[in-house]
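Open the model in your viewer and keep the sequence panel beside it, so that each selection can be followed in both places. The tour goes from the whole chain to its parts.

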Amino acid sequence: MARTSAIPRSAPQTAQMVGPLRGPIVPSPASSGSTPVVSGSMTVEEHPNGVRTRPATEADRARCFELIERLTGESPTDRWPEVFSSHLRGERGAVVVAENDDGILGCATVSYNMAIRYGGEYCELEELIVDESARGLNLGRILVQRTLDDAKRRGCAEMGLYLVPTTEGNRGFYAKLGFEVLGTEMRQIFD
Ligand SMILES: CC(C)(COP(=O)(O)OP(=O)(O)OC[C@H]1O[C@@H](n2cnc3c(N)ncnc32)[C@H](O)[C@@H]1OP(=O)(O)O)[C@@H](O)C(=O)NCCC(=O)NCCS
């Protein structure tokens, strides 16, 4: 069964430096290793080394766009803010950020899709990027785990993603996070 999601069309570009991280942010074996802290309507989860994950806010828009631009090689259009805001309202997607006191280190976005066969929603991992300076420290895993946890809480039946030649190198990363190959993707791109 086909699964769709937006994937970078070009290789990630040079990253902006963020504050130093002292070592891997290691999740506990039982979970993503996070401590949920509910702040208003926003659930902040705290991870080792002062890292937090939380739903994005409008104040994060420029930084998220910067990361997504780096991921996709696409420049933001005047439609991006509309979609971002809709995701913040949880209408058809979500944006999660990972940050420390120095700023946002990475972000993950998902789209929620409705299918009769599920009698409800499933979701797609759409955009995932960790700042170059913070890679290899478990942030990618933490971001994906957070999106998985949020999707389960929302009642989604499953999460999918697809890889293209420029992201094929991430197959092992997703395999470590529990994703399995299921079917093949066919696609028709509208200009
Ligand atoms: C892919 C990406 C999100 C991974 O984030 P990260 O924070 O560097 O990865 P993590 O440190 O969380 O890695 C978790 C585990 O996956 C492994 N891993 C990471 N990238 C991997 C890869 N490309 N292939 C195989 N394993 C990988 C790590 O070694 C680690 O394994 P371990 O638990 O055995 O030590 C990050 O490299 C990135 O932003 N890349 C550029 C953008 C991109 O390609 N996004 C994904 C589009 S599909």
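The stops below say what to select and what is found there.

**The whole protein.** Begin with everything shown as a cartoon, and bear in mind that this is a predicted model. The protein has 4 helices and 7 strands, and when you trace the chain from the N terminus the elements follow the order β-β-β-α-α-β-β-β-α-β-α. Of its 191 residues, 29% count as buried. Among the contacts with a separation of 6 or more, 63% are made by residues 24 or more positions apart.

**Helix H1.** Now select residues 61-72, which form helix H1. This helix has 12 residues, and the distance from its first C-alpha to its last is 16 Å, close to the 16 Å expected at 1.5 Å a residue. Colour Cys64, Leu67, Ile68, Arg70 and Leu71, which are the buried residues in H1. Why do they lie on the same side of H1? They do so because they cover an arc of only 155° around the axis.

**The nonpolar core.** Next, show the side chains of Cys64, Val95, Val96, Cys107, Ala108, Leu139 and Leu143, which have the most contacts inside the largest nonpolar core, a set of 32 residues. H1, strand S4 (93-100), strand S5 (103-115), S6 and H3 each supply at least two residues of this core, and the largest share, 6 residues, comes from H3. In soluble globular proteins, nonpolar side chains tend to be buried together. Centre on Val96: beyond its neighbours within four places in sequence, its contacts include Thr53, Pro55, Cys107, Leu143 and Asp150.

**Helix H3.** Select residues 139-154, which form helix H3. The end C-alpha atoms of H3 are 22 Å apart, which agrees with the 22 Å that its 16 residues should span at 1.5 Å a residue. The buried residues of H3 include Leu139, Gly140, Leu143, Gln145, Arg146 and Asp150. H3 is followed by Gly155, whose phi is also positive, near 105°.

**The ligand.** Finally, which residues are the closest to the ligand? They are Arg135, Gly140, Arg141, Gly172 and Phe173, out of 20 residues that surround the ligand. Strand S6 (120-130), H3 and helix H4 (171-176) each supply at least two residues of this shell, whose members divide into 10 nonpolar, 7 polar and 3 charged.

How values were computed. Residues numbered from 1 in each chain as written. Predicted model: local features only at pLDDT ≥ 70, side-chain atom pairs only at ≥ 80, totals over all residues. Near = placed C-beta within 6 Å. Nonpolar A, V, L, I, M, F, W, Y, C, P; charged D, E, K, R; others polar. Core = buried A, V, L, I, M, F, W, Y, C linked by C-beta atoms within 7 Å. Buried ≥ 20, exposed ≤ 12 C-beta atoms within 10 Å, placed from the backbone. Contact = placed C-beta atoms within 7 Å. Expected span 1.5 Å × (residues − 1). Arc of directions from axis to C-beta.
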